[in-house]
Amino acid sequence: MTAETSQTLDRGLRVLKLLADTDHGLTVTELSNKLGVNRTVVYRLLATLEQHALVRRDLGGRARVGLGVLRLGRQVHPLVREAAMPALRSLAEDIGATAHLTLVDGAEALAVAVVEPTWTDYHVAYRAGFRHPLDRGAAGKAILAARQSRQNQQNKQGKQGKQGKQGGLDEPGYTLTHGELEAGASGAAAALVGVTGIEGSVGVVMLADSVPERVGPRVVDAAREVADALR
């Protein structure tokens, strides 16, 4: 550090870099150890970063990069959309349903990219910018399911730690819903896995009483394609 630099800002940026390098978040104690400062300093740093939506803390108290980081650069969302569009177009045309990429924004799910099929007589009108609670609709529920899966995996690894065992996250499944966001509409979604700093899902919404059997696995494939494009 020099006389012209800010120690507090430096620490805050280091917190963001540390969180960006992990997909499962860090506790206050872990951040304290990595930064070499006491927990009180870390609490203050996190509180300040949370106010700007640059950091969020989950129910377990682990800190993660917040979606506010994306807002720092106006071109980030367009870049994310651009990266996801080929997989979304293919998904929409293949299934004949509206495909979407949804990211977490605080306690809400935010649709940031939407592609409607070109050959169907009718489909659900679903627009980029649409928001809904994370615990309603396939897109949000898929994200919550992925969170729970990560937490279970972390707990499992913690129990195995003394034996030196390690493992990655389980492959994602998919979530199905009906009528939760729009009467008569069904949805299927799968979470993005392995994308540092982004928590989201890829899904489809269709006017149907139920989702055809082949849609779930197809959505999982699309989510994997989008994740690969964003890495």
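This is a predicted model: local features need pLDDT of at least 70, side-chain atom pairs count only at pLDDT 80 or more; totals for chains, interfaces and linings use all residues.
I'm counting a salt bridge when a side-chain nitrogen of Lys or Arg sits within 4 Å of a carboxyl oxygen of Asp or Glu.

**Salt bridges**

By that rule I get 14 salt bridges. I looked up Asp228 and Arg231, whose side chains meet in one at 2.2 Å, N to O. Asp228 is partly exposed at 45% relative accessible area, and Arg231 is exposed at 56%. I also noted a network in which shared partners join Arg56, Arg147, Arg150 and Glu199.

Next I checked Asp105, which forms a salt bridge with Arg131, with 2.8 Å between the closest N and O atoms. Asp105 is in strand E3 and Arg131 in strand E5, so this pair ties together parts 26 residues apart in sequence. Asp105 comes out buried at 11%, while Arg131 is partly exposed at 38%.

Then I went to Glu180 and Lys141, another salt bridge, closest N and O atoms 2.8 Å apart. Glu180 is in the loop between strands E6 and E7 and Lys141 is in helix H6, so the link spans 39 residues of sequence.

**Thr98**

I found Thr98 in strand E3, residues 98–105. Thr98 has 0% relative accessibility, so I call it buried. A polar atom of its side chain lies 2.7 Å from the backbone oxygen of Val124. Among the residues Thr98 touches are Val114, Pro117, His123, Tyr126 and Gly203.

**Aromatics**

I searched the whole structure and got 1 aromatic pair. The ring centres of Tyr126 and Phe130 are 5.3 Å apart with planes at 65°, so I logged the pair as edge-to-face. Tyr126 is buried at 9%; Phe130 is partly exposed at 32%.

How values were computed
Residues are numbered from 1 along each chain as its sequence is written. Side-chain values use heavy atoms; hydrogens and water are left out. Helices (H or I, at least four residues) and strands (E, at least two) are DSSP runs, numbered from the N terminus. Buried means under 20% relative accessible area, exposed over 50%, partly exposed in between (1.4 Å probe, protein chains only). A polar contact is a pair of N or O atoms within 3.5 Å; within protein, one must be able to donate a hydrogen and the other to accept it, and residues adjacent in sequence count only if both atoms are side-chain atoms. Contact means heavy atoms within 4.5 Å. Rings of Phe, Tyr and Trp (its six-membered ring) pair if their centres lie within 6.5 Å; planes under 30 degrees apart count as stacked, over 60 as edge-to-face and the rest as tilted. Lists of a residue's contacts leave out its neighbours within four places in sequence.
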